[in-house]
Amino acid sequence: RPRSVQVKQEWTKRWKQFLSGSGLKTLVFKALNLNFLNSLLPLATSLLIFIAFDRSLQGCYRTLLALLAICELFLSGLDGSILRFWSSQEVPKEDKQAIIQLVFFIKSGTMLLFLGSAFFLQQFPSVERFLLSEEALAIGYQPYFYLALGFTFLSSLTLTVSKCFIASRLFGYIFRLTLIREFLTVLVVLFLITLNYSFLSVLIAQFLIYLGLLFFNIRYAWKQKEFFYLHTQKYPISTYQRIYQNYLRNYSLPISFTSVLTYAKNNLPLVLLGKSKLHVVADYHFLRNTFLKIHKLSSGYLAYLLPKFVEMYEKDPRHFSRRFNQLFWASQLFRLMIWIAVCFFGIPFLLLFKMDSSYQFILILFSLELMAADIATFNAEVIHLKTDTRSLFYASFLRAMIEVPCILVLTQKLGGVGASVTLLISRLVECGVLLRYASPLKVLTHQRKIFVLLWIFTLFYLYLHRGKFGF
């Protein structure tokens, strides 16, 4: 055979062996591909919607989603318990089955109770006037409210089913289904925009796509008897009580309370901005969502790899530390490039989307917060290696104590500028606390230098622009 054909066959063989392996490089590659789909394709969809439709309607819908987000945040730690304990060799198989069952029962019951209560309270005009602006009431928010209720419940169940697949490392199936879902969403949104359909029609189409694929997911999961046991095994109440006390109480509850505290940074600014001008909510959400997707793109894949991290850490902590540091510094380099790009191309980016150039200040703060968020995320992942995650709650609680009063005051006074400054400062405080709790495990090295440099540059940059705060 020609040598070129032999070389091609050899590389094809190596590539197939790489994809079929279970090493860290293979799992990182698969998780990054999945993360790419979960980050950039939804960003493309939101970009099309942001350009095509009235921003007041978008702001109204984003405000409603922000109001309803508190319930899913409270339940997020339950999903994390599936990832943490499914791959552990120390957890008996029967306990793993009971963990999945209990998570589904708690999440489904709590979400139905919360959304039913929200629907009931929405019937009172006094509640409407307290939570929403006159502009939102004037444009008729009710259809968007019902869709927001549906999306909240749908996303909660979808997330739990996805965690089951990730725990069993079914990356190929998740990749294919995510690819279909996101490409189909982009195509449908683009098609409806071309035909001049309304914003409400686009949201309904998105909801139907996600609903159909959720049913397909559940049907597939129902057949995976090695990890999905809702219909094959039932346990007495005493077993679920033991599961809660031994696994969920010390692991899931701190993560859930930590997630609830993130409501201040991700949703409270939207709620407060929605009380004044809805188009400002759309602008702020678009910028914030862009950086959240970038954050998820560069370090969101870590959540998929928690079972592998636990396995590596229990087997050889020093080897795990070397590999984990490589991932950390690669992510930091990527975020540094984002910050440089924002400095040079931020204003053209804003003008391209017909946004005020004053948002450049917010972009710079978001890019700095992006680097700080990377430190926080990697240290939080280190803490997840423990079976007790209360330190995550302590860090988020301290952060919330700074965020809530500052956002309530500064957002109403300075708008998006006040919210972005608060997010950056509170994120740096959270980083310091997480560094303190993650250091005893001796996994990450030399990160304190970046942390100190971020503090120095942040204070210097805010001093240079102190005129924006009335000083």
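Trainee: How many residues does helix 7 have, and what does it reach from first C-alpha to last?
Mentor: Helix 7 covers residues 142–167, 26 residues in total, and reaches 38 Å. That is close to the 38 Å expected at 1.5 Å a residue. The expected span is 1.5 Å times one less than the number of residues. Helices here are DSSP runs of H or I with at least four residues, strands are E runs of at least two, and both are numbered from the N terminus.

Trainee: What kind of model is this, and how are residues numbered?
Mentor: It is a predicted model, where local features need pLDDT of at least 70, side-chain atom pairs count only at pLDDT 80 or more, and totals for chains, interfaces and linings use all residues. Residues are numbered from 1 along each chain as its sequence is written, and side-chain values use heavy atoms, with hydrogens and water left out.

Trainee: Back to helix 7. Mostly covered or mostly open?
Mentor: Mostly covered: 19 of its 26 residues are buried. Buried means under 20% relative accessible area, exposed means over 50%, and partly exposed is in between, with a 1.4 Å probe and protein chains only.

Trainee: What follows helix 7?
Mentor: Arg-169, with a positive phi near 60°.

Trainee: What does Leu-64 touch, beyond four places away in sequence?
Mentor: Leu-132, Tyr-141, Tyr-144, Phe-145 and Ala-148. Contact means heavy atoms within 4.5 Å.

Trainee: Which residues touch the most other members in the largest nonpolar core?
Mentor: Leu-64 is one of them, along with Tyr-61, Leu-287, Phe-309, Phe-324, Met-355 and Leu-454. The core has 135 residues. Helix 16, residues 360–383, gives the largest share of this core, with 16 residues. A nonpolar core is a set of buried Ala, Val, Leu, Ile, Met, Phe, Trp, Tyr and Cys residues joined through side-chain atoms within 4.5 Å.

Trainee: New topic. Where does Ile-347 lie?
Mentor: In helix 15, residues 317–352. Ile-347 counts as partly exposed because its relative accessibility is 39%. Leaving out residues up to four places away in sequence, Ile-347 touches Ser-357 and Gln-360.

Trainee: How many disulfides turn up?
Mentor: Zero, searching the whole structure. A disulfide is a pair of cysteine sulfur atoms within 2.5 Å.

Trainee: Why does Cys-431 count as buried?
Mentor: Because its relative accessibility is 1%. Cys-406, at 30%, counts as partly exposed.

Trainee: How many helices and strands in the chain?
Mentor: 19 helices and zero strands. Buried residues make up 53% of the 471 residues.
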